[in-house]
Amino acid sequence: QVQLVESGGGLVQAGGSLRLSCAASGRTPGYYAMGWFRQAPGKEREFVAAISRLGISTTYTDAVKGRFTISRDNAKNTVYLQMNSLKREDTAIYYCAAGPNLRTVVGGIGDYWGQGTQVTVSS
């Protein structure tokens, strides 16, 4: 099976930046589209960004467009989420997901999920 491990979360002031990483291991992770979701206290999990298997296609939720960038390095079996101009509203646990294509990942029905990494943005 595939295992996903997130890292890079932490505490940052509004306007700052963080880069999250999701390291994948197991059977052929390079064949999976991957993405990021987040969940804030008292709210449901929401889609953030996703990237296709080859990294050519990407999609973002409107709330992060222009501020976040998703990328991947298949040689390292790792997907990244560069987060710039962070806002307090971005505070959440961020989860990495993987699925056979973008549609499954964006729809929240990917096959694999990481344990999450906490991002806290202070005022």
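Predicted model: local features only at pLDDT ≥ 70, side-chain atom pairs only at ≥ 80, totals over all residues.
An open sheet is built from 4 strands. Their order is β1-β3-β8-β7, and the pairing is antiparallel. Strands β1 (3-7) and β7 (68-73) stand at the edges. Each has a single partner strand, so one side of each is left without a neighbour in the sheet. On average, neighbouring strands of this sheet are turned by 15° against each other, direction ignored. Within the sheet, β3 (residues 18-25) pairs with β8 (residues 78-83) in the antiparallel sense. This pairing runs over 6 bridges. In β8, T78 is the residue opposite A23.

The whole structure was searched for disulfides, and 1 was found. The link is formed by C22 and C96, with 2.1 Å between their sulfur atoms. It joins distant parts of the chain. C22 belongs to strand β3, whereas C96 belongs to strand β9 (residues 92-99), and the two are 74 residues apart. The angle about the S-S bond is -85°, and the link of C22 and C96 is left-handed. C22 has a relative accessibility of 0% and therefore counts as buried. C96 likewise counts as buried, because its relative accessibility is 0%.

Side chains of opposite charge can pair when their charged atoms come close. A search of the whole structure gave 4 salt bridges. In one of the 4 salt bridges, D90 pairs with R38, and the closest N and O atoms are 2.9 Å apart. D90 lies in the loop between β8 and β9, and R38 in strand β4 (residues 33-39), so this pair ties together parts that are 52 residues apart in sequence. D90 and R38 are both buried. D90 also meets the side chain of R67 in a salt bridge, at 2.8 Å from N to O. R67 is found in the loop between β6 (58-60) and β7, 23 residues from D90. R67 is buried, as is D90. Through shared partners, salt bridges join R38, E46, R67 and D90 into one network.

A further salt bridge is formed by K65 and D62. Their closest N and O atoms are 3.0 Å apart. K65 is partly exposed, at a relative accessible area of 48%. D62 is exposed, at 63%.

The aromatic side chains come next. Y32 and Y112 form an edge-to-face pair, with 5.7 Å from centre to centre and 80° between the planes. Y32 lies in the loop between β3 and β4, and Y112 in strand β10 (residues 112-113), so the pair ties together parts that are 80 residues apart in sequence. Both Y32 and Y112 are buried.

The rings of F37 and F47 have centres 5.5 Å apart. Their planes stand at 75°, so this pair is also edge-to-face. F37 lies in strand β4 and F47 in strand β5 (residues 46-51), 10 residues apart. F37 is buried, with a relative accessible area of 4%. F47 is buried too, with a relative accessible area of 15%. Ring pairs link F37 and F47 with W113 into a cluster. A charged residue is also placed at F37: R45 lies over the face of this ring, at 5.2 Å from the ring centre.

Terms used: Residues numbered from 1 in each chain as written. Heavy atoms only, no water. Pairing = 2+ DSSP bridges. Axes fitted to C-alpha atoms, helices over the stretch in contact; angles between N-to-C directions. Disulfide = S-S within 2.5 Å. Buried < 20%, exposed > 50% of the residue type's maximum accessible area, 1.4 Å probe, protein only. Phe/Tyr/Trp six-rings, centres within 6.5 Å; stacked < 30°, edge-to-face > 60°. Lys NZ or Arg CZ within 6 Å of the ring centre and 35° of its normal.
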